[in-house]
Amino acid sequence: MVKSAINAQQRATNGLKILLGTQPMTQVQANWRFLNNPKVTIKELYEPLKEHLEKEIPTQCDKYLLAAEDWSHLDYKKHSSKKELKSEKRKENCMKIGYDYQGAIALSDRTGEPIGVLDHNLKTAENVYSTYDENIDMNLTHLQELRVRAKYMNDIIDTEKRIVHIVDRESDSIAFMRGLIEDNQLLLLRGKNNSTVNYYDMKSKETISIKQSELADKLSLGTKVKRINYKKKKVTIFVNECTVTISRDATKMVIGKDGKKKLHKTKGKTLTLRFIVERLLNDKMEVVAQWLLLSNVFDEDIDAKTLAQWYYYRWKIESYFKLLKSSGFNLEEWQQKEPLALFKRLLIISNACILVWKIANDNSDTANAIRDFLISLSGKQIQRGVDFTYPALLSGLENYLSTLDLLRQFSVEDIFKMRDELVDIIGFEI
């Protein structure tokens, strides 16, 4: 019963955590007024995030700033009172109801550790609430919006570092790649097995059109990168690369005058890219995972091994989404009815994520001791061989701040006196 009550309290995330010494309803009302105050703007709430990035990027990045970008559906099908809910039909007649979150986090090109949040978008049935543009076209696809957002990043974040956009397999679109390169952007994308590229075959002395998976089979294991944990098992990363060109037409589905769907093809400039095969092998030298990467980062200081590591760092945005949702802030349980209020709260929460990342990234002896303390205070179990996790640090930090609040309200003597009184009531020592 106690455990159930605690979990229920954690899910009741209408406002921020209630502080000791305050009336719960008073704090909830104050939080509601703040989030719904029209004078509290998205731009003002984003400013601290921007200032943090511009302060930290010069010290944490060498030559490039890695932008890990992705999308995540926010499930609110049980929140019928929320406004502007999007409905989308999934397979097997299942409806997807909620909002779409589009975001990017900044990573160090040196360590791959998160630095801060680059941008936020919240797409509803009627609006796109954004930190970079108030007038985003509702009809843009994920990749079309990302191209627009990539151009804005250079204008919003004042940095001399070149931004490398790291995106998952959905980005293997020739139209998207041509668009980014046309805008003078750098990319590192995961390719699809069946997408075709042009490759100069040394045996036949001819340039052939070949599927990316078939080209990968032609390349040897290449260079050993490092050992990592992958799905709780030790694996070794190997990489190899070659140069390819892509000249295929861009295709999209259009509705003709007769109302029928037709495939429309558009020719475009031939692209020259690096094709990197990243393989994960177990101790039996069996391939347990393989990633096909495409990049236009032609820098003699950036080898295939580095690009492979950069793509491996992309999983940090998945950890960020997990921190926002199931293993941290319970974003999909928030009770704000107005999507703008929910979006403002998301910006505030981003600052808490930065605190966790700063504690995690500091390698000093003091930070190590603080991390150990916070993990102990969190009460969370940590996998053997893992020093900490972001959710555990977040939980420990929350408990520590609550403890500080407690000590401001009661003396140590008061606390131990209440313990003695509680022992008298329940009849055994605690």
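Is Ile-425 buried or exposed? This is a predicted model, so everything I say about it is computed. In it, Ile-425 has 69% relative accessibility, and therefore counts as exposed.

Ile-425 sits in helix 12, which covers residues 412-426. On the surface it belongs to a nonpolar patch, together with Leu-422, Ile-426, Phe-428 and Ile-430. The accessible area of the five together is about 510 Å².

Next, the cysteines. How many disulfides does a search of the whole structure find? The count is zero. Take Cys-353 as a case. The closest cysteine sulfur to its own is the one in Cys-61, and the separation is 18 Å. A disulfide needs the two sulfur atoms within 2.5 Å, so at 18 Å this pair is too far apart for a bond. Cys-353 counts as buried because its relative accessibility is 0%. Cys-242 also counts as buried, in its case because the relative accessibility is 13%; the cut-off for buried is under 20%.

Last, a charged residue. Arg-371 is in helix 10, residues 365-378. Arg-371 is buried, yet it has no salt bridge. Which side chain of opposite charge is nearest to Arg-371? That is Asp-362, at 5.7 Å.

Terms used. Residues numbered from 1 in each chain as written. Predicted model: local features only at pLDDT ≥ 70, side-chain atom pairs only at ≥ 80, totals over all residues. Heavy atoms only, no water. Patch = residues over 30% accessible without salt bridge, like charges linked within 9 Å, V, L, I, M, F, W, Y side chains within 5 Å. Areas by Shrake-Rupley, 256 points an atom, 1.4 Å probe, with all protein chains shown as cover. Salt bridge = Lys/Arg side-chain N within 4 Å of Asp/Glu carboxyl O. Helix = DSSP H or I, 4+ residues; strand = E, 2+ residues; numbered from the N terminus. Buried < 20%, exposed > 50% of the residue type's maximum accessible area, 1.4 Å probe, protein only. Lys, Arg positive; Asp, Glu negative; His and termini not counted.
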